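This briefing is for a reader new to the structure shown here. Please look over the sequence and the model before reading on.

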Amino acid sequence: MNFLKIASISLALLLTFSGCNKVKSKPITLNVIHMNDIHSHLDEEPLTLNFDDVALRVDAGGYPRIATTIKELQNSYDNTLLLNAGDALQGTLYYTLFKGEVDAKMMNALPWDIFVLGNHEFDDGDENLERFLNELHVPVITANVYADDTSVLFDQWKPYTIHYYEGEAVGIIGIDTAKATKESSNPGKTIEFFNEIATAQKYIDELEAMDVNKIILLTHFGYENDRNLSLHVRGADVIVGGHSHTLMGDFESFGLSSKLAYPQESYDLDGSKVCIVQAGSFAKIVGHLEVAFDASGEVLTCKGTPHLGISNNFMIKNAQGKYEDINASLRHNVEESIAKRADVAIVEKDPELQAILESYKAKVDEKKNESIGDAKETIVHIRVPGQDYGGNSGADYPLGSDVVPIVAKAFYERVNLSDAVILNAGGVRTNINEGTISIDTAYTLLPFSNTLIMIVMRGDEIQAVLEDALSSDDGAFPYAYALRYDVDISEAKGSRISNLEIFDKNEKKYVEVVTDKTYIITTISYLAYGKDGYTSFATLKGTDTYFDYANSFVNYVKALHVKGESLQKLPAQEHCIKSYKE
């Protein structure tokens with residue numbers, strides 16, 4: 001019944017948008033400017049880039065800088081459409097302290113045409129999302145998420161919208177990732193989710209019935225899912241995506257992992273061309289896609305450039321391991337190298353956006369600048385062994401993240417009764433950079449509202465929960481501390497985790513997990529509730545320690561600092577993944 005209710009709402013929208021005019025057809029070129037997965041990374045952040053094999057640290061991105069890039073693109077091209085592919089919220093102290101208030105103000109200061117909901121918009125419940133959307137002055141679309149008329153979110157978004165360029169109608173349909181939002185976030189019981197592919201086709205058909213023959217899917221679904229989506233629908237021309245933080249473009253020479261060209265081309269069920277783009281994450285990249293349509297709405301060509309905006313404060317590590325300004329000769333070479341490229345530029349900050357940010361920075365800086373320790377080296381986070389993530393090359397990390405097992409160890413030491421800790425890949429958000437670790441590092445790394453939960457589990461239940469996690473998306477991939485195991489994705493469910501061992505505190509060595517023996521496993525609260533595919537956890541009763549998970553990591557780093565030690569990668573024998581096979 002609710003799906004029919006959506007249909008009636010969308011039909012009313014169609015009548016509203018279309019009036020009585022038949023859509024004319026002629027060739028046009030559309031310039032789509034897009035971003036995704038900003039995750040409250042509102043300020044510039046340090047980034048290490050290679051220039052002719054010289055590693056330099058520079059400040060990159062942030063809303064004031066991307067605003068300049070966006071405005072320049074809009075002033076340089078006709079027929080522009082500015083799209084935000086979701087996950088605006090959750091990830092830094094700006095969100096932790098202000099719960100979306102500053103995110104909304106920054107978004108409102110740019111002329112976003114459309115925003116699609118991401119899974120993390122639902123993290124703090126429907127009421128918090130309602131407050132954010134009420135403060136936001138950007139049109140929101142999401143076709144496969146429905147809030148009924150008893151929900152505080154009722155009528156806060158539409159399935160799609162239509163924009164006109166030179167008299168030509170362009171339909172934009174919003175799609176959110178259903179599974180991840182249901183399992184990993186906290187939508188209320190009045191929120192329903194529908195299949196992404198079926199919903200996309202439903203609204204494509206409605207738009208085509210109105211003679212709208214140029215259709216964009218604005219998705220928060222992940223790159224691989226977007227490609228699969230393109231192959232299973234008819235009528236989609238462009239997919240502008242998010243969720244997987246996929247960096248496209250020719251950034252390999254700078255030391256960033258970007259093996260996919262920008263844009264990617266696919267095909268729909270009829271063999272028509274579909275252009276797919278995504279723009280990394282954390283307010284670093286502004287994508288610009290130029291799509292040429294013929295008179296029938298078919299894509300003739302798609303081309304474009306992802307734009308990385310950086311500052312001019314280039315720093316190099318000296319012999320003592322400290323960063324200092326580069327010399328004039330190297331600066332000249334770097335600036336010449338940048339001038340030859342279209343995808344990297346030294347960009348000034350937009351003063352209006354900077355002023356908004358400054359009004360909040362003092363409170364954030366006061367807290368975030370508190371030092372808690374230091375990292376001996378840069379410690380890299382990827383989600384799945386061997387797979388690129390966040391600009392990091394998976395080929396360099398065949399056993400996966402070096403960060404998640406460290407965080408799991410921090411939880412292990414915080415909860416003395418723990419026999420082991422299980423943690424998902426998506427629960428940790430960033431690398432840990434070499435040098436000072438601050439409060440900001442901890443709360444950027446662990447930005448959600450979680451406590452540590454102890455669960456008594458049999459050995460076979462531990463195996464089951466690890467298997468559960470492998471059946472969900474990349475963010476669910478299971479890491480641990482004081483557990484070790486082999487992973488073989490090619491095996492049938494139930495056999496993908498093998499050679500499962502646990503650290504015996506008495507014997508001070510790893511021993512085989514016994515099927516019917518009980519152990520105390522610590523995890524974070526949203527996994528304990530069965531979120532992110534960890535369904536076996538939800539069948540067991542846990543005990544809440546009420547230890548904040550980010551603060552537990554803070555205490556771990558502080559304890560190392562007191563002992564005169566720096567944070568570093570775990571020894572190989574302590575890493576949870578013994579081997580990984582696709």
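Predicted model: local features only at pLDDT ≥ 70, side-chain atom pairs only at ≥ 80, totals over all residues.

Residues are numbered from 1 along each chain as its sequence is written, and side-chain values use heavy atoms, with hydrogens and water left out.

**The chain as a whole**

- The chain has 16 helices and 30 strands; helices (H or I, at least four residues) and strands (E, at least two) are DSSP runs, numbered from the N terminus.
- Its radius of gyration is 24 Å, close to the 25 Å that the globule rule gives for 582 residues, so the chain is as compact as a globular protein of that length. The radius is taken over C-alpha atoms, and the rule is 2.2 Å times the number of residues to the power 0.38.
- The C-alpha trace spans about 80 × 65 × 45 Å along its principal axes.
- Of the 582 residues in the chain, 60% are buried. Buried means under 20% relative accessible area, exposed means over 50%, and partly exposed lies in between (1.4 Å probe, protein chains only).
- Among contacts in the chain with a separation of 6 or more, 75% come from residues 24 or more positions apart; a contact means heavy atoms within 4.5 Å.
- The chain exposes about 22800 Å², and carbon and sulfur atoms supply 49% of this area. The areas come from the Shrake-Rupley method with a 1.4 Å probe; for residues, only the protein chains shown count as cover.

**Pocket and cavity**

- Rolling a probe the size of a water molecule over the atoms shows where empty space is left.
- On a 1 Å grid over the protein atoms alone, a cavity is a set of points where a 1.4 Å probe fits but cannot get out, while a pocket is an open set with protein on both sides within 12 Å along at least five of seven lines; lining residues have an atom within 4 Å of a point. Grid points are joined across faces, edges and corners, and a volume is the space filled by probe spheres set on the points.
- The second largest pocket has a volume of about 750 Å³. It is lined by 30 residues, and those closest to its centre are E224, S244, T246, Q387 and D474.
- The elements that give two or more residues to this pocket's lining are α6 (178-184) and α8 (223-231), and α8 gives the most, with 3 residues.
- By class, the lining of the second largest pocket has 7 nonpolar, 15 polar and 8 charged residues. Ala, Val, Leu, Ile, Met, Phe, Trp, Tyr, Cys and Pro count as nonpolar, Asp, Glu, Lys and Arg as charged, and the others, Gly among them, as polar.
- A search of the whole structure finds 1 cavity of 30 Å³ or more; the largest cavity has a volume of about 30 Å³.
- H39, H41, Q90, G91, F282, R429, T444 and P447 line the largest cavity, which by class gives 2 nonpolar, 5 polar and 1 charged residues.

**Backbone features in loops**

- The peptide bond from Y262 to P263 is cis, with omega near -10°, and P263 sits in the loop between β12 (238-240) and β13 (264-267).
- D87 is not a glycine, yet its phi is positive, at about 55°. D87 lies in the loop between β4 (80-84) and α3 (93-98) and is buried, with a relative accessible area of 1%.
- A482, also a residue other than glycine, has a positive phi near 70°. A482 is in the loop between β24 (478-481) and β25 (483-488), where it is buried at a relative accessible area of 1%.

**Three further residues**

- E44 is in the loop between β1 (28-35) and β2 (45-51) and is partly exposed, with a relative accessible area of 22%. Leaving aside neighbours within four places in sequence, E44 is in contact with D59, A60, G61, G62, R65 and K349.
- V557 belongs to helix α16 (residues 549-562) and counts as buried at 2% relative accessibility. Not counting residues up to four places away in sequence, V557 touches I372, G373 and I437. V557 and A375 are 182 residues apart along the chain, and their C-alpha atoms are separated by 9.0 Å.
- Y203 lies in helix α7 (residues 196-209) and is buried, with a relative accessible area of 0%. Y203 and E44 are 159 residues apart in sequence and 38 Å apart in space, C-alpha to C-alpha.
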